[in-house]
Amino acid sequence: MNYRIRYLGYLAPAIIALTAGGQVFADPGAEMMANTCAGCHGTHGKSAGPASPNLAGLSESYFTETMLGFREGTRPATIMDRIAKGYTNEQIESMATYFAALPVYKANVPHDVAKAKAGAEIYESGCAKCHDEGGSLPGDDAGILAGQWLPWLQYSMADYKAGHREMTKKMKKAVEKLSDTELEAVLHYFASQQ
Amino acid sequence: MAHITRRRFLQATGSAVAVGALGFPAIVGAAGKKVVVVGGGAGGATAAKYIRMADPSIEVTLIEANAEHFTCFFSNEVLSGHRGMDSIKVSYDGLKGHGINVVIDTVTEIDAAGRKVKTAGGSTFAYDRCIVAPGIDFKDNIEGYDEAAMRAMPHAWKAGEQTVLLRKQLEAMPDGGVVAIVAPPNPFRCPPGPYERACQIAMYLRARKPKSKLMIFDAKDKFSKQGLFMQAFERHHAGIVEWVAAGKGGLVTRVDPSSNTIYAGNTAHKVDVANVIPAQKAGKIAVKAGLTDDKGWCPIDGRTFESAIHKNIHVVGDASAASPLPKSAYAANSEAKVAAAAVVDLLNGRQPGEPSLVNTCYSIIGPNDAISVAKVYHLDGGKLSGVEGSGGLTPKDSSPEMRAREVAYANSWFANIKDDCWG
Ligand SMILES: Cc1cc2nc3c(=O)[nH]c(=O)nc-3n(C[C@H](O)[C@H](O)[C@H](O)COP(=O)(O)OP(=O)(O)OC[C@H]3O[C@@H](n4cnc5c(N)ncnc54)[C@H](O)[C@@H]3O)c2cc1C
């Protein structure tokens with residue numbers, strides 16, 4: 001009963017949105033909330049850079065955990081802590097569904113070609129297991145690293161290394177094997193992925 | 001559980017619809033409906049674009065007085081010489097790409113009863129719903145500050161030739177000169193703006209004219225992000241910037257442009273460059289259309305941004321009385337999306353849903369140092385209000401590393417908001 005009413009409610013906007021730009025908009029409530037992020041993360045989560053991350057295509061679980069981490073203060077942030085505090089668990093989950101339904105966006109990120117080339121090998125041996133297909137698979141639940149803005153990748157790595165953000169044990173092992181130069185190269189590799 | 005069902009359903013319709021998208025005319029109830037948007041700034045541009053993205057069957061006409069728009073946001077960086085005018089210029093080509101009919105003309109009349117808009121060029125546009133976003137106009141709170149005075153003592157509170165004028169005066173000023181910023185009373189466009197401007201100009205002075213001074217004569221006794229700005233005045237601009245509160249002789253009541261004199265409290269200050277920012281009200285056309293209240297702003301319904309005075313007209317951006325949201329580009333952009341969703345819903349015979357809004361404002365206050373304010377807003381008991389516990393300021397003790405990141409994020413904000421409004 002209730003399901004049917006909601007079902008019809010979603011039908012019209014979903015169709016309109018699809019005819020417009022081939023995007024799938026999930027829930028009007030989610031879209032309303034997600035649209036407020038566009039001024040910093042780009043329309044439909046496609047950031048114009050130079051630093052703030054793309055959100056399009058992040059997996060539901062990565063998105064939700066990240067937002068909860070910002071809200072609870074377990075993930076370092078300049079501003080997302082203050083923004084995440086404006087949403088309930090349900091609202092975060094509903095935005096998670098919205099962003100996960102968008103196709104992954106790989107931005108055309110300025111990077112050093114030589115570093116990216118050197119980074120490719122390090123990637124294969126140290127990172128590919130968990131950041132598959134150049135770091136573009138939402139299903140890895142490890143963020144989207146492919147075509148991600150380089151400063152953002154660098155800040156994330158700096159936070160991990162400084163102990164401000166927790167790495168999984170295995171990623172820590174992989175990261176600790178690498179010199180700063182090697183790590184920098186892998187980040188250029190991720191940024192270069194199209 | 002509900003989540004999963006919904007997604008599966010969408011995925012299923014997704015492919016079906018992609019094949020037969022044009023086969024559902026009955027669902028598209030707004031076909032042929034007309035929306036006219038007055039003003040192509042942050043608010044108007046966003047509204048026009050988001051209506052078209054949500055429902056391309058609606059005809060949207062955007063009427064804007066100038067063929068090119070210069071953003072006020074980041075115009076303070078032009079004053080410091082950190083960017084050029086080109087970087088704050090936006091064209092309307094992006095909006096045309098969304099199928100919006102962009103008309104360069106000035107709206108002279110909004111006929112709410114007849115649902116028509118008239119322009120100086122002699123055209124008439126009928127509408128089903130109208131979005132009004134003309135930005136601000138100035139009040140006469142300072143004696144002697146007339147149209148002519150604006151050229152001698154530029155406000156630079158609408159970006160464009162005013163910005164260029166002020167920059168040229170700063171360039172022409174000798175080392176050892178005095179710059180005055182006359183800061184307006186509340187409420188006004190961009191509450192942190194005058195103080196960010198002080199920081200930006202001070203960076204230029206420190207680098208090029210280090211013997212100079214910058215005085216802020218304020219109509220207020222406190223201001224936005226005050227603690228953080230005072231910290232910046234001390235940390236980066238000591239010996240250059242001085243803030244004079246209204247109660248301490250800062251209230252400017254009169255100016256004399258012929259001698260570049262500012263009368264504040266009981267004192268006459270002869271200065272080299274005077275940046276006079278008067279008190280503000282909604283843009284002229286909003287006043288003329290009878291959309292404003294006795295304070296000079298347009299009262300609205302927080303769910304739809306429909307005017308509380310005239311039906312079928314929605315007011316967004318600086319012109320609206322949307323407190324507690326401040327008058328910022330981020331707020332204008334966020335309000336415009338709420339209005340756009342409401343207009344699309346109403347034209348399709350649906351109830352407008354719950355609104356959700358965000359405001360953010362970055363200020364670049366020194367070399368490698370930026371600060372921000374943010375808040376999430378919703379409807380509470382029918383009124384716009386901040387979500388409890390959300391938002392706030394950059395911490396005063398945040399590290400230089402985090403402040404430097406905020407500079408990079410401020411630049412990201414600028415790129416993304418421009419794109420989201422006009423791209
Ligand atoms: C120095 C400065 C710095 C700022 N920095 C920031 C910042 O960092 N972050 C932030 O979020 N905000 C900032 N702002 C505020 C921001 O610029 C405004 O809040 C925002 O532009 C409001 O958008 P709007 O659409 O209401 O008005 P506007 O952007 O002013 O647009 C109004 C448009 O309507 C047009 N118009 C007016 N009347 C008519 C008519 N009769 N017919 C046709 N067209 C008409 C005008 O030509 C104009 O293009 C700053 C402002 C200033 C002055």
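H9(A) passes H11(B) in a left-handed crossing, a term used if the near helix is turned anticlockwise from the far one by less than a right angle, while clockwise is right-handed. Before going on, here is how to read this predicted model: local features need pLDDT of at least 70, side-chain atom pairs count only at pLDDT 80 or more, and totals for chains, interfaces and linings use all residues. Residues are numbered from 1 along each chain as its sequence is written, chains are lettered from A and ligands numbered from 1 in the order in which they are written, and side-chain values use heavy atoms, with hydrogens and water left out.

Let's look at the helix pair. Helices (H or I, at least four residues) and strands (E, at least two) are DSSP runs, numbered from the N terminus.

Which residues meet? From H9(A) come A:Trp152, A:Tyr155, A:Ala158 and A:Asp159, and from H11(B) come B:Glu401, B:Arg405, B:Ala408 and B:Tyr409; contact means heavy atoms within 4.5 Å. Five of these contact residues are nonpolar, none polar and three charged (Ala, Val, Leu, Ile, Met, Phe, Trp, Tyr, Cys and Pro count as nonpolar, Asp, Glu, Lys and Arg as charged, and the others, Gly among them, as polar).

Now to chain B itself. Its domain 1 is 6-65 + 105-137 + 281-352 and its domain 2 is 140-278, with bounds from an automatic or database domain assignment. The C-alpha centres of these two domains of chain B lie 35 Å apart. Seven residues of domain 1 of chain B touch seven residues of domain 2 of chain B.

| Cis bond | Omega | Loop holding the proline |
|---|---|---|
| A:Gly49 to A:Pro50 | near 5° | between helix H3 (38-41) and helix H4 (60-72) of chain A |
| B:Asn186 to B:Pro187 | about -15° | between strand S11 (178-183) and helix H7 (193-208) of chain B |

A:His44 also lies in the loop between H3 and H4 of chain A. Its phi is near 55°, a positive value in a residue other than glycine.
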